Each structure stands twice: as structure tokens, then as C-alpha cells.
Amino acid sequence: INAEYMGVHGIYLYKEMGLPYLLNCVILAYAPLFVVFKAFKLTEFASCIKLIVIGGISFLVCQGTKMILFALLVATQSENMDGFELTQEIVKNVVNLIDLVAIYYALNYLKVGGGENIFFKLLAVTLGWGGVQIFLSYFFYLLFNAFSSEFQWECIQTAVQANIDFLDAYIIAFLVVLCTTEGASSFKKLAGITLILCKILIISLILSYM
């Protein structure tokens, strides 16, 4: 088999397998958001569309603020420092609490009453927040790694991780609602605060150490 045939065949194989594989990974990562959006008929609520946009903007503003605080408060790791610094990791996780403030203000930007409306408001903010988060976190990775002639399990895992991150954003937003809803019992608020602290502080520290 001559080199010219192999070159042409390689280009054909790249185009034949790369694009479908990329599309499969993108669909796996982002189609659930569209399914949730259509299944709950959020287009019927004008306020939900606004809240999706507000959720996305809140994420961008929050991440920009965190980047500035990380640059100011977190020391640059040098070659002489160990891989895990407890003080630095605590500072990082405290800064991450800004996410809760941003989600709270996004949820309360529009006043919507009623238990069912609160659910739609929570879902809309999560779609905006989580949608922007997983797009910026994973889309370009999939674009440059999934568009190839070789099957890579890492791309499938990345697409699945995008769904897990979206679910994680919904859980955090739900806990924020649980802790800040008027009329909620003290036990529910305490449970919500405890779970948030475990998620953002304790579990994050353990994962950073690992």
C-alpha cells in the first residue's frame, strides 16, 4: 500500500469517524439540558427565560470575581512547596462560597410566589448557571479531542462528567433555596447549611488532598 493511498484513506477516516464521534459526545454532554428545558415547558414562563439568562450571567460574574480573589489571596505554588497546602486549600474553598451568594441573588432577582413556581425558578437558574459552566468547562476539550479517528473513553467520561456537574449545580441551588426560604423549619435550614459546608469545604479538601 503506497503512502499516497494511506494519506487519502487517513483523511477519509478522520472525516468519517471524527465528526460523528464529536457529535455523539456533544449530544451526550448537552442534550440533557435541552431535554429538561423542553420537558418542563419552561418556554411557557417568560420569567424562566429571564432567569436562565440571569443564571448564566451570574456564573460568569462569579467566576471572574473568584479569579481575582484567587490571584490576590492564593499564593503561587513554587517548586519547593508540597503538592498539598492545607491553608491554601482552605482559602480556595472559602472563596468558592461566593457561588452560594451568586446563586442566591440569581434566584431572588425576580420575585415569584408559590411552591410550583419556586421549582421552575430553581430549574431555570440551574439551567443558566450549569449550562454556561459545562459549556466553558468541556466544550472546547471535546472539540479538540473528540474530533479524531480514534475512540477515546476520556471523551465519553468528560461528557458524562458534564451531566454530573449540572446535577451538582442543581443540588447546590436546591440547598440554597432550602436554607433561605421563608417559613422553612430550623431543622431544614440547619441540614441545608451542614450539607453545603460538607460539599464545599470538607469534601473539596479531601478531593484536593487525593
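**View 1. Packing of helices H2 and H4 in the predicted model.** Helix H4 (residues 98-107) packs against H2 at an angle of about 155°, and the two axes are 9 Å apart. An angle over 145 degrees counts as roughly antiparallel, and H2 and H4 are therefore roughly antiparallel to each other. Their crossing is right-handed.

**View 2. Residues in the contact of H2 with H4.** From H2, the residues that meet H4 are Leu51, Ile54, Ser58, Cys62, Gln63, Thr65, Lys66 and Leu69. On the H4 side they meet Ile98, Asp99, Ala102 and Ala106. This contact comprises 7 nonpolar, 3 polar and 2 charged residues.

**View 3. Helix H2 along its length.** H2 covers residues 46-73, which is 28 residues. At 1.5 Å a residue H2 should span 40 Å, and its end C-alpha atoms are 40 Å apart, so the two values agree. Buried residues of H2 include Cys48, Ile52, Gly55, Gly56 and Phe59. Leu51, Ile54, Ser58, Cys62 and Lys66 are buried and also take part in the contact with H4. Residues three or four places apart in an α-helix point the same way, because there are 3.6 residues a turn.

**View 4. Crossing of helices H4 and H6.** The axes of H4 and helix H6 (residues 153-180) cross at roughly 70° and come within 10 Å. That angle makes H4 roughly perpendicular to H6. H4 contributes Leu100, Ile103, Tyr104 and Leu107 to the contact, and H6 contributes Ile172, Ala173, Val176, Val177 and Thr180. By class, the contact of H4 with H6 has 8 nonpolar residues, 1 polar and no charged.

Conventions:
Residues numbered from 1 in each chain as written. Predicted model: local features only at pLDDT ≥ 70, side-chain atom pairs only at ≥ 80, totals over all residues. Heavy atoms only, no water. Helix = DSSP H or I, 4+ residues; strand = E, 2+ residues; numbered from the N terminus. Expected span 1.5 Å × (residues − 1). Buried < 20%, exposed > 50% of the residue type's maximum accessible area, 1.4 Å probe, protein only. Axes fitted to C-alpha atoms, helices over the stretch in contact; angles between N-to-C directions. Parallel < 35°, antiparallel > 145°, perpendicular 65-115°, else oblique. Left-handed = near helix turned anticlockwise from the far one by under 90°. Contact = heavy atoms within 4.5 Å. Nonpolar A, V, L, I, M, F, W, Y, C, P; charged D, E, K, R; others polar.
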